[in-house]
Amino acid sequence: MKEYIIVRDNMPRTIVSVSKKHNSVWRMYYYDIDDDDNTWKFYAEKINPLLVWFYKLKKKKKCNNICDICSKEFRFWKSRFDKMPNQCEECNPDLFQT
Ligand SMILES: [Zn+2]
C-alpha cells in the first residue's frame, strides 16, 4: 500500500517523533525526500529545545481511512490538526502529495 502526505502542510518533511533520550539533546526524527534519488529517507536532527512544542505540533501519525468514493482502504500521514481526508489519493489527488 502506498503512503501519502496531506498537501496542506507547507513543511515538506514528515516528522514522526520528537524526543529526548537519556537527558541529552532533543531530536526530531523525520522522513524527507532525498533530492538525489527522489525517495523518502529517514533522518534524525538535533533541535532547539525552545522549539520542541512547534515540532510536536507538526508531528504526524500514520492513519487509515476508507475512501468515500471507491470504498478502498487507504493510508496517509496526518498531524493532530489536519482534517481526516475522506477520499483516497486516486479519487482525489489534490488532497495529497506523494
Ligand atoms: Zn478512492
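This is a predicted model: local features need pLDDT of at least 70, side-chain atom pairs count only at pLDDT 80 or more; totals for chains, interfaces and linings use all residues.
Biologist: Now the overall layout. How many helices and strands does the protein have?

Modeller: There is 1 helix, along with 7 strands. Walk along the sequence and you get β-β-β-β-α-β-β-β.

Biologist: Which strands form the open sheet, and in what order?

Modeller: For a sheet, ask who sits beside whom. Here 3 strands line up as E2-E3-E4, with antiparallel pairing. Strand E2 (14-20) and strand E4 (39-46) are the edges: each has a single partner strand, so one side of each has no neighbour in the sheet. On average, neighbouring strands in this sheet are turned by 20 degrees against each other, direction ignored.

Biologist: Over how many bridges do E2 and E3 pair?

Modeller: They pair over 6 bridges, in the antiparallel sense, with E3 covering residues 26-34. Ser 17 is opposite Tyr 29 in E3, and Val 18 is opposite Met 28 in E3.

Biologist: Is Val 25 buried or exposed?

Modeller: Count the C-beta atoms around it; with 12 or fewer others within 10 Å, a residue is exposed. Val 25 has 11 such neighbours inside 10 Å, so it counts as exposed. Setting aside residues up to four places away in sequence, Val 25 touches Lys 20 and Lys 46. Val 25 and Glu 45 are 20 residues apart in sequence, and their C-alpha atoms are 10.0 Å apart.

Biologist: Let's do the other hairpin. How do E5 and E6 pair?

Modeller: Antiparallel again, over 7 bridges. One of the facing pairs is Lys 60 with Ser 79 in E6. This hairpin has 6 residues between its strands. Ser 71, in the loop between E5 and E6, has a positive phi of about 65 degrees even though it is not a glycine. Ser 71 has 8 C-beta neighbours inside 10 Å and therefore counts as exposed.

Biologist: What does Lys 62 contact?

Modeller: Lys 62 is in strand E5. Beyond its neighbours within four places in sequence, it contacts Arg 75 and Trp 77. Phe 76 is 14 residues away in sequence, with 5.8 Å between its C-alpha and that of Lys 62. Lys 62 has 11 other C-beta atoms within 10 Å, so it is exposed.

Biologist: Which residues make up the largest nonpolar core?

Modeller: Five names to highlight: Phe 74, Phe 76, Trp 77, Cys 88 and Phe 96. Strand E6 (residues 73-79) gives the most to this core, with 3 residues. Across the protein, buried residues make up 14% of the 98 residues.

Biologist: One last residue. Where is Lys 59, and what does it contact?

Modeller: Lys 59 is in the loop between helix H1 (52-58) and E5. Leaving out neighbours within four places in sequence, Lys 59 contacts Ile 15, Val 16, Ser 17, Val 18 and Ser 79. Because it has 17 C-beta neighbours inside 10 Å, Lys 59 counts as partly exposed. Met 28 is 31 residues from Lys 59 in sequence and 9.1 Å from it, C-alpha to C-alpha.

Terms used: Residues are numbered from 1 along each chain as its sequence is written. Two strands pair if DSSP finds at least two bridges between them. Helices (H or I, at least four residues) and strands (E, at least two) are DSSP runs, numbered from the N terminus. Axes are lines fitted to C-alpha atoms, for helices over the stretch in contact, and angles run from 0 to 180 degrees between N-to-C directions. A nonpolar core is a set of buried Ala, Val, Leu, Ile, Met, Phe, Trp, Tyr and Cys residues joined through C-beta atoms within 7 Å. A residue is buried if 20 or more other C-beta atoms lie within 10 Å of its own, exposed if 12 or fewer, and partly exposed in between; C-beta atoms are placed from the backbone. Two residues are in contact if their C-beta atoms, placed from the backbone, lie within 7 Å.
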